[in-house]
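Notebook open, one structure on the screen.

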Amino acid sequence: MAAQKQQPEQQAPPVQRLQIRYAKRGRARFTSHRDFVRAFERALRRANVPMAYSSGFNPHPRISYVNSSPTGAATEAEYLEIGLAEVCDPQKVLAKLSEAMPDGLVLREIREAEGGKVGDGLEASVWRVELPGADGRAMADAARLFLDCDRMETERMTKHGPRTFDARADVKGISAYVTDGVPMLDLVIAHSEPLVRPDDVLRALQELHPAFSVVDPPKLTRLVQGRLELNRVIAPW
């Protein structure tokens, strides 16, 4: 008789869930999501956080990530959730984890989950785009033309080849201004499928207004994620 296949050990569900808001600053903006995951899991081990684990043949710590910013973009508003096997003081967990994180990867706030998932209510983002070397007046004119459009198709290269989509519908607001001689755009972008990114909007602006060009690499920073209310983004906490 063939031996019965051994079943994996079933892990207990988490007794506490903590949600964390974190930032990527300075050179850490070039950290990929995969690199952040490795750094965060290493910090969990160093801080001796009592993690809950998934069931199955390859148990892994219960961590949920949502809407990760692209590599190269700074951010002040990324979110994740961890499940714990023991009830802990959230602020003590945050302090221990912060000591173990690399420079530029900053854990900003922590709270106990209140029933929903960490991604609930993350409907839109506010992005700040710094455009050194660009023509501020042409940038403002391009932004006005973009807002006047009902639809603005642009093309993005994906792993399945080029994809054409509307970059206009999910942009709920654009503010164009100049600070210390540097042209800036603040973009309010709703989250949908396909996800419109700031570089999609920049490409559309250049197509609309030939006098506007991105001379130097732009610096992107996600300032806020949260609920979308009257074209404003309200952070979850």
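Started with Arg38, which comes out partly exposed at 45% relative accessibility. This is a predicted model, so I kept in mind that side-chain atom pairs count only at pLDDT 80 or more. Arg38 has a salt-bridge partner in Asp35, and their closest N and O atoms are 2.3 Å apart. Looked up Asp35 as well: partly exposed, at 32% relative accessible area. Both residues sit in helix α1, three residues apart, which is about one turn of the helix.

Next entry: Arg222 and Glu78. I found their side chains meeting in a salt bridge, 3.0 Å from N to O. Arg222 belongs to strand β10 (residues 219-229) and Glu78 to strand β3 (residues 74-84), so this pair ties together parts that are 144 residues apart in sequence. Buried or exposed, I asked of Arg222? Arg222 is buried, at 4% relative accessibility. Glu78 is buried too, at 1%. I set the cut-off beside those values: buried means under 20% relative accessible area.

Then Arg151 and Glu153. Their side chains also form a salt bridge, with 3.2 Å from N to O. Glu153 reads 43% relative accessible area, so I put it down as partly exposed. I also noted a network here: salt bridges with shared partners join Arg25, Glu76 and Arg108. How many salt bridges are there by this rule? The count I wrote down is 15.

Moved on to the cavities. I found one of 30 Å³ or more, and the largest cavity has a volume of about 30 Å³. Which residues line the largest cavity? My list reads Tyr22, Lys24, His33, Phe36, Ser68, Ser69 and Glu78. Strand β1 (16-24) and helix α1 (33-46) each give at least two residues to the lining. Sorted by class, the lining has two nonpolar, three polar and two charged residues.

Last entry, the largest pocket. I get about 160 Å³ of space in it. Its lining has 13 residues, and Pro70, Trp127, Leu195, Arg197 and Arg222 lie nearest the centre. So Arg222 turns up again: a pocket-lining residue that counts as buried at 4% relative accessibility.

Conventions:
Residues numbered from 1 in each chain as written. Predicted model: local features only at pLDDT ≥ 70, side-chain atom pairs only at ≥ 80, totals over all residues. Heavy atoms only, no water. 1 Å grid on protein atoms, 1.4 Å probe; cavity = no way out; pocket = protein on both sides within 12 Å on 5 of 7 lines; lining within 4 Å. Points joined across faces, edges and corners; volume = space filled by probe spheres on them. Helix = DSSP H or I, 4+ residues; strand = E, 2+ residues; numbered from the N terminus. Nonpolar A, V, L, I, M, F, W, Y, C, P; charged D, E, K, R; others polar. Salt bridge = Lys/Arg side-chain N within 4 Å of Asp/Glu carboxyl O. Buried < 20%, exposed > 50% of the residue type's maximum accessible area, 1.4 Å probe, protein only.
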